[in-house]
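User: Please walk me through the labels used for this model. I want each one set against its cut-off.

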Amino acid sequence: MRSEDATLWNDPQEAQKLMRERQSLDDGINSITSLSRSLEDNIGLIELGEEEGDADVVSEAETAIRSLAGETKARQIETMLSGEADSNDTYLEVHAGAGGTESQDWANMLLRMYTRWAERRRFKVEVLEVHDGEEAGIKSATILIKGHNAYGWLKTESGVHRLVRISPYDSNARRHTSFSSIWVYPVIDDNIQIDVNESDVRIDTYRSSGAGGQHVNTTDSAVRITHIATGIAVACQAGRSQHQNRAKAWEMLRSRLYEEELKKREAAANATEASKTEIGWGHQIRSYVLQPYQLVKDLRTGMESSSPSDVLDGDLDEFMEASLSHRIEGGTGQPVADID
């Protein structure tokens with residue numbers, strides 16, 4: 001076995017990659033073995049309960065099997081995360097749409113939602129860049145989410161998200177509709193080479209923004225890099241120095257360009273579906289209605305929740321599972337009927 005090769009750790013990077021793959025396989029095998037054993041045990045209990053006329057034993061075993069069905073579904077979803085970069089960490093960007101304070105507040109709510117989702121999975125979240133709104137919320141933000149299959153789980157969340165509510169900023173208590181967009185792209189492994197010449201980009205520096213106080217930088221340490229040919233722009237202000245932010249921004253740019261290449265491959269494999277699922281302000285993927293009724297609805301899969309508060313607190317797994325299944329099964333990408 002390669003993991004027992006005495007020379008393996010001569011290349012620490014390759015060794016760590018191999019050990020992660022081994023751990024992932026071990027986890028998968030152990031999970032399937034455990035589910036199979038539990039199923040057999042509960043089937044045995046049902047047979048025993050029926051023989052002895054013990055309805056309580058039969059009922060408990062049937063309940064346990066229904067619970068196993070849910071766990072099995074989760075394992076099935078995990079097997080779908082086998083794309084080239086699915087196991088990688090991921091960047092997630094939030095951008096407020098037109099609408100000023102309303103959309104900026106909505107963007108901040110989305111940032112909190114995905115942060116809570118990551119925390120539920122015990123993923124690590126690192127804030128790389130935030131542009132605060134003038135009155136409330138944020139104009140944009142970029143976070144780095146670190147965890148196994150982080151990109152695979154989040155990749156179908158890219159798109160426009162729509163909020164309908166009674167605005168807390170409207171003295172007349174009118175209903176407002178706000179839009180913000182999410183963009184997800186993977187952190188690329190060091191063994192994936194993405195070459196970008198400095199002559200192909202524009203590098204701007206600026207002063208980091210924040211809530212004020214002694215921690216706000218007084219120098220132009222924040223860095224934005226724009227890839228001229230594609231128009232892709234990334235920014236980082238989390239580091240203490242311009243050097244750190246520049247290095248992280250270059251890493252983010254290479255990841256964005258890699259993600260663009262993945263999109264091209266997917267488009268080539270299924271041009272029709274790709275055209276239907278193009279991200280744009282007229283192509284919202286999910287609506288969150290807080291008034292006049294409570295409903296979250298995914299417009300691609302039809303998945304619904306009547307508890308927006310739970311969804312906005314990070315309870316997103318069912319939506320992600322549905323969209324991953326829809327994508328794997330070759331859904332048409334045609335949105336279902338919208339909601340007011």
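**Labels and their criteria**

Analyst: β2 and β3 form a hairpin with five residues between them. In the turn, Gly-137 has a positive phi of about 70°. The model is predicted, so local features need pLDDT of at least 70 and side-chain atom pairs 80 or more, while totals for chains, interfaces and linings use all residues. Residues are numbered from 1 along each chain as its sequence is written, and side-chain values use heavy atoms, without hydrogens or water.

User: How do you know that β2 and β3 pair?

Analyst: Pairing requires at least two bridges found by DSSP. Strand β2 (residues 124-132) has eight bridges to β3, and the two run antiparallel. Asp-132 stands opposite Ile-138 in β3.

User: What makes β1 and β3 a pair?

Analyst: Strand β1 (residues 90-96) joins β3 over six bridges, in the antiparallel sense. Glu-93 has Thr-142 as its bridge partner in β3.

User: Why is β3 called mostly covered?

Analyst: Buried means under 20% relative accessible area (exposed is over 50%, partly exposed in between; 1.4 Å probe, protein chains only). In β3 (residues 138-146), seven of the nine residues are buried.

User: Why are α1 and α2 called roughly antiparallel?

Analyst: Helix α1 (residues 12-52) and helix α2 (residues 55-80) pack at about 160°, with axes 9 Å apart. Angles over 145 degrees count as roughly antiparallel (under 35 roughly parallel, 65 to 115 roughly perpendicular, the rest oblique). α1 and α2 are therefore roughly antiparallel.

Methods. Helices (H or I, at least four residues) and strands (E, at least two) are DSSP runs, numbered from the N terminus. Axes are lines fitted to C-alpha atoms, for helices over the stretch in contact, and angles run from 0 to 180 degrees between N-to-C directions.
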